[in-house]
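This report describes selected features of one protein model. Please keep the sequence and the structure at hand while reading.

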Amino acid sequence: MLDDPRVVRITGDATAAVYRRPGDTDAEQHPERYRDRPIEEAYCWSNLTSGNGSRALWLLLLPFMVVNLAHWMRPTARARTRAVRLYGVLVRLVALSLTILLTAAACEVALDLTAWQCAGVPDCSDRRSWLGFLSSARGGWWSQPGRRLAVAALVPTALVALLWLLSNRTWSAYESQRPLTAFGPDDPDPGTGDGPGAPGVSAEGRPALGRPGFWYGRRLVARLRAAHTAAGFLTVAAFVAGAAARHDRAAPGPVPVVFGRLVEAALVAGALVVLWVVCRRGRSERRLDNRLDRALVTSLPGAALALLVLAGGYAAWSRPGWVSTGALPGHLAFGVLTLAQVVLVLLLAGVALGLHRRTPEPRTVLLGLGGPVVAMLACALGGVMTGGVAQRVADWLDGPGTPGTAGAVIQGPPVLLSWQAAVIPVLLALLVVPGLLLLVRTWLTARALEPGIEREYGQERPDPARTRQIARIRAAAALTDSAPAIAGPIAGATLLLGAVAVWGAWASGEVPGVALKGNGAFAEAVAEAAQSTGSWLIGFGFILFVTSGRRAYRDASARRTIGILWDVGTFWPRAAHPFAPPCYAERAVPDLVSRMSGWTGLTGGRLVISGHSQGSVLAASAVWQLPAATRGRVALLTYGSPIERLYGRWFPAYFGAVPLHALHRTVNCWRNLWRATDPIGGRVGLDEAPGPAVDRGPLKDPLVYGRTPEHPLPEPVLGHFDYQADPVFAEERTALLDRLGPLLPRQAAADASPKSPRSQGSSGRSSG
């Protein structure tokens, strides 16, 4: 970032820190050296997202991260209305359903497929020596179904405990780090010019990202972690105790029926408490909320775990005549869970549409339905991952047979999972049409751009190949703006096909290949092909996730790639799901705010903070958090920035037109550089606002069309990277420094880019 192998850490730690060149470490003591140049320093935050190899395993938490994004995609609202609160509650309930789905999938594999079905069938357990002590054929102490379930429950219990541990560790490292703040809990920002109740502005007159507690989610994450952990333990307990209670009611024996009813009543009471905790309280952003609800955080998971132990003891009670046949009772739960997710997403869509109609913003994607669409995709991802695990484990346990069909040793996973697998090929086929349309449109756009490119570079004898290359890259970069056109149909088709899968499973009670027997040879062939293809597709998808995580653990370059993909998803605080990967901005934004506030307060100087790609989002977020007096001494330089193109369209309540206009009015000066060849960065779109223009672009890319005496070799098309290679970058940086005024030390430059070159207003390759 500083173009110097010898750097000195000024402040920070090995995870994120501010660096300078060795000669600049004492710059504040020698201001005379910097009359004609800035003090350059760089903030490096790459280890927050792409540090050690274990972070690649966060890929397995992808559905949790995606549903957390849905919370922040809420349309703009004029005030914290009931609709806003209802939107947050619905997203948190969808997130809770994903935790239950993951735990239920682990129970399906460990309790149903392994302990109930395989261990209860000699033909299956005899082929698995490690199941010998559980095998019903051996008649050992552990061979009774209830005791097999109690032992197998250790697997999903360990999974829930691992998720709690990961969440607790990252909570201590991220959410629990109290930021340095220079304003009081209700200190309004007189410089915004926006009164309370304006869209995108909080009740105290600050834009949402400027609220004192926005990057301090300690209390909510602790509450949600307790609730989701308890929900996981209760799900395991329900699988264990439910089967035993059903047996006791159907065939009275040595265990009183009332015991089972008491355990079930306790499970229902625990579920109601979990729902109350999830729905009761959202984020507190208007102040730094240091309260922790220690009694709730400690007692709720502990009580759920105690109830799980009680359920295990109840199931392990001797029942000599109990034999496990078929599938474990409780398969209906997967259908109920899927139906609940569909209903929650539809309700969320209704709330989002209502909010968008009250405060419409033209650039908001999908008429404000971005959040529901992403929530639906999170549910689909969760279904694919959990279904893939269950399908593959069932195939492995059954050996040469196919679970659920004639000749199979075990019945296999719930029928619904087979129906969900069968609709995946249909979904992929439906996506072929919009994919082809995008390809054709991109080709036509590139052809239309060619004459303009030749005129732009003033070529009398243009090179057709070079022209086509530039036009093709520009047309491909514009595809980013077509993402809603793909995401919307995917979510709609997923919702419709998911409902068809639920109906098919409940109506037939058989896997698709069996359910359509007798409906004609063609229908049977299509059903069997869709079922088998979908099963292998979801299995392949899960294996791809696992191998990607393993490769990233061993390969640093792959780890960096996954870290880059994670930058956008983990920018936002964990407001909906506590098991999502942690929010690096809860460390990075307070770091930048503290550095800028501390430096300007100690020296009285002014500074330029620059950021590239995702670094530009961090830089803008940090400027929002500054007190008004400090913000007046700060200039902002962004380039390759997705602030409006991605964040403004998908997260309008936080990066919409009103918050960006407020930032433009309060920051001393702001300049944004962009290219038509950049698929990520773009315009900010505030040029019609009063004051100096923000955007400059599109910059020429490549800088030179062909070979010249000054550039004898072909210049590359830089796209999203290396903005510093353009002379415009240095020109705009100098102009910003001049507009800040000649104070001594005249300037300091902070770079909010994660991984690359120069400093001051620079950055380089980023994540975003």
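## Basis

The structure is a predicted model.

## Helix α9

Helix α9 runs over residues 294-316 and contains 23 residues. From the first C-alpha to the last it reaches 33 Å, close to the 33 Å expected at 1.5 Å a residue.

The buried residues of α9 are L296, V297, L300, P301, A304, L307, L308, A311, G312, Y314 and A315. An α-helix has 3.6 residues a turn, so residues three or four places apart point the same way. The cover over the buried residues of α9 includes α5 (145-152), α6 (154-173), α7 (218-250) and α8 (257-280).

## Aromatic pairs

Over the whole structure, a search finds 26 aromatic pairs. In one of them, the ring centres of F259 and W317 are 5.5 Å apart and the planes stand at 45°, so this pair is tilted. F259 belongs to helix α8, while W317 is in the loop between α9 and α10 (332-358); the pair thus links distant parts of the chain, 58 residues apart. F259 counts as partly exposed because its relative accessibility is 33%. W317, with a relative accessible area of 37%, is also partly exposed.

Y639 and F729 form an edge-to-face pair, with 5.0 Å from centre to centre and 80° between the planes. Y639 lies in strand β5 (residues 634-639) and F729 in helix α24 (residues 727-740), so the contact ties together parts that are 90 residues apart in sequence. Y639 counts as buried at 0% relative accessibility, and F729 counts as buried at 2%. Elsewhere, ring pairs link W45, W72, F214, W215, F571, W572, Y584, W624, Y647, F651, Y654 and F655 into a cluster.

## Charges over rings

R225 lies over the face of W171, 4.7 Å from the ring centre. R392 lies over the face of W536, and its distance from the ring centre is 4.1 Å.

## Salt bridges

The whole structure contains 22 salt bridges according to the search. E28 pairs with R20 in one of them, with 2.7 Å between the closest N and O atoms. E28 is partly exposed, with a relative accessible area of 23%, whereas R20 counts as buried at 1% relative accessibility. R20 and E28 also belong to a network of salt bridges that includes E41 and R595.

R363 and E644 form another salt bridge, the closest N and O atoms being 3.0 Å apart. This pair links distant parts of the chain: R363 is in the loop between α10 and α11 (370-398), E644 is in helix α21 (residues 643-650), and 281 residues separate them. R363 counts as partly exposed at 42% relative accessibility. E644 is buried, since its relative accessible area is 13% and the cut-off for buried is under 20%.

A salt bridge also joins the side chains of R671 and E732, at 2.8 Å from N to O. R671 is in strand β6 (residues 669-675) and E732 in helix α24, so the pair ties together parts that are 61 residues apart in sequence. R671 is buried, with a relative accessible area of 15%, and E732 counts as buried at 6% relative accessibility.

## Backbone features

Two cis peptide bonds are described here. One runs from G697 to P698, with omega near 0°, and P698 is placed in strand β7 (residues 695-699). Another joins D701 and P702, with omega of about 5°; P702 is in the loop between β7 and α24.

L366 is not a glycine, yet its phi is positive at about 55°. Phi of L367, a residue other than glycine, is likewise positive and near 55°. L366 is partly exposed, with a relative accessible area of 24%, whereas L367 is exposed, with a relative accessible area of 56%.

Definitions and conventions. Residues numbered from 1 in each chain as written. Predicted model: local features only at pLDDT ≥ 70, side-chain atom pairs only at ≥ 80, totals over all residues. Heavy atoms only, no water. Helix = DSSP H or I, 4+ residues; strand = E, 2+ residues; numbered from the N terminus. Expected span 1.5 Å × (residues − 1). Buried < 20%, exposed > 50% of the residue type's maximum accessible area, 1.4 Å probe, protein only. Contact = heavy atoms within 4.5 Å. Phe/Tyr/Trp six-rings, centres within 6.5 Å; stacked < 30°, edge-to-face > 60°. Lys NZ or Arg CZ within 6 Å of the ring centre and 35° of its normal. Salt bridge = Lys/Arg side-chain N within 4 Å of Asp/Glu carboxyl O.
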